[in-house]
Amino acid sequence: MKSFRLATMLAAGLLLAPGHPFAQELSGSQVVRTLDRLQGGAPAIDLALLMEEAAASAGKGVAALPDWQKLSKLSQLIVEIDFENDSIAIEPKSYRTVGMIADALHHPNLRRYKFLVVGHTSSTGDAKHNLDLSQKRANAIMEALSTTFAIAPDRLFAIGVGEEWLVDPSNPQAADNRRVQLVNLGLVK
């Protein structure tokens with residue numbers, strides 16, 4: 001299993017270019033360095049608008065929409081988190097990964113930032129179901145980080161995008177497509 005995947009994409013961004021050849025195993029210090037790479041000020045992100053557009057475009061794609069393209073300019077990290085099939089229950093083996101994320105978010109370099117937890121699914125099931133499941137999974141990660149690992153809840157936001165950005169578009173049902181993405185939204189105000 002690949003625990004972490006690096007996706008620090010700026011101009012093209014993971015959201016616009018789902019195939020990311022830069023994947024590699026990461027350590028806790030690499031997680032900090034990856035998420036601490038803001039290029040200038042973070043663009044204002046309207047999370048309610050993103051959620052609305054995702055719901056309205058389930059199965060049709062939202063990557064080309066300007067509000068979604070803003071995310072591609074932010075520091076981000078792809079993390080493989082295993083869930084029970086068609087469930088929000090985090091597999092026990094993935095708690096180590098969630099713990100490493102929490103350790104990174106507690107690091108002094110990242111304590112000043114807020115983060116978006118983006119849930120992704122494979123294309124198994126219909127688009128609306130996958131969108132709902134990805135939102136619930138993003139919420140589950142956010143809840144685990146805030147309750148179990150004491151990350152301040154005002155630093156975390158969750159959104160699900162279903163099957164919109166497959167890591168492996170040639171195999172849309174592949175497990176690699178089921179993942180969580182962390183995006184640095186900029187300074188906590």
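**Stop 1: helices α2 and α5**

Select helix α2 (residues 28–35) and helix α5 (residues 95–106) in this predicted model. α2 and α5 are oblique to each other. Axes here are lines fitted to C-alpha atoms, for helices over the stretch in contact, and angles run from 0 to 180 degrees between N-to-C directions.

Now look at the handedness. α2 passes α5 in a right-handed crossing.

Next, show the side chains. Which residues meet? From α2, pick Gly28, Val31, Val32 and Leu35; from α5, pick Met100, Ala104 and Leu105. Contact means heavy atoms within 4.5 Å. This contact of α2 with α5 has six nonpolar residues, one polar and no charged. Ala, Val, Leu, Ile, Met, Phe, Trp, Tyr, Cys and Pro count as nonpolar, Asp, Glu, Lys and Arg as charged, and the others, Gly among them, as polar.

**Stop 2: Val31**

Stay in helix α2 and click Val31. Is Val31 buried or exposed? Val31 counts as buried because its relative accessibility is 0%. Buried means under 20% relative accessible area, exposed over 50%, and partly exposed in between, with a 1.4 Å probe and protein chains only. Val31 and Ile101 are 70 residues apart in sequence, and their C-alpha atoms are 7.4 Å apart in space.

**Stop 3: helices α5 and α6**

The axes of α5 and α6 are 10 Å apart, and the helices pack at an angle of about 60°. So α5 and α6 are oblique to each other. α5 passes α6 in a right-handed crossing. Show Tyr95, Val98, Ile101, Ala102 and Leu105 in α5. They meet Ile141, Ala144 and Leu145 in α6. By class, the contact of α5 with α6 has eight nonpolar residues, no polar and no charged.

**Stop 4**

Ala150 is exposed, because its relative accessible area is 53%. Check the backbone too. Phi of Ala150 is near 55°, a positive value in a residue other than glycine. Most residues other than glycine have a negative phi.

Then move to Glu164, in the loop between β4 and β5 (179–187). Glu164 is buried, because its relative accessible area is 19%. Glu164 and Ala127 are 37 residues apart along the chain, and 8.8 Å separates their C-alpha atoms.

**Stop 5: the whole chain**

Zoom out. How many helices and strands does the chain have? Six helices and five strands. From the N terminus on, the order is β-α-α-α-α-β-α-β-α-β-β. Helices (H or I, at least four residues) and strands (E, at least two) are DSSP runs, numbered from the N terminus.

The chain has 189 residues, and 49% of them count as buried. Take the contacts between residues at least 6 apart in sequence: 77% of these join residues at least 24 apart. The chain exposes about 8,500 Å², and carbon and sulfur atoms supply 53% of that. Accessible areas come from the Shrake-Rupley method with a 1.4 Å probe.

**Before you click on**

Residues are numbered from 1 along each chain as its sequence is written, and side-chain values use heavy atoms, with hydrogens and water left out. In this predicted model, local features need pLDDT of at least 70 and side-chain atom pairs count only at pLDDT 80 or more, while totals for chains, interfaces and linings use all residues.

Methods:
Angles under 35 degrees count as roughly parallel, over 145 as roughly antiparallel, 65 to 115 as roughly perpendicular and the rest as oblique. A crossing is left-handed if the near helix is turned anticlockwise from the far one by less than a right angle, and right-handed if clockwise.
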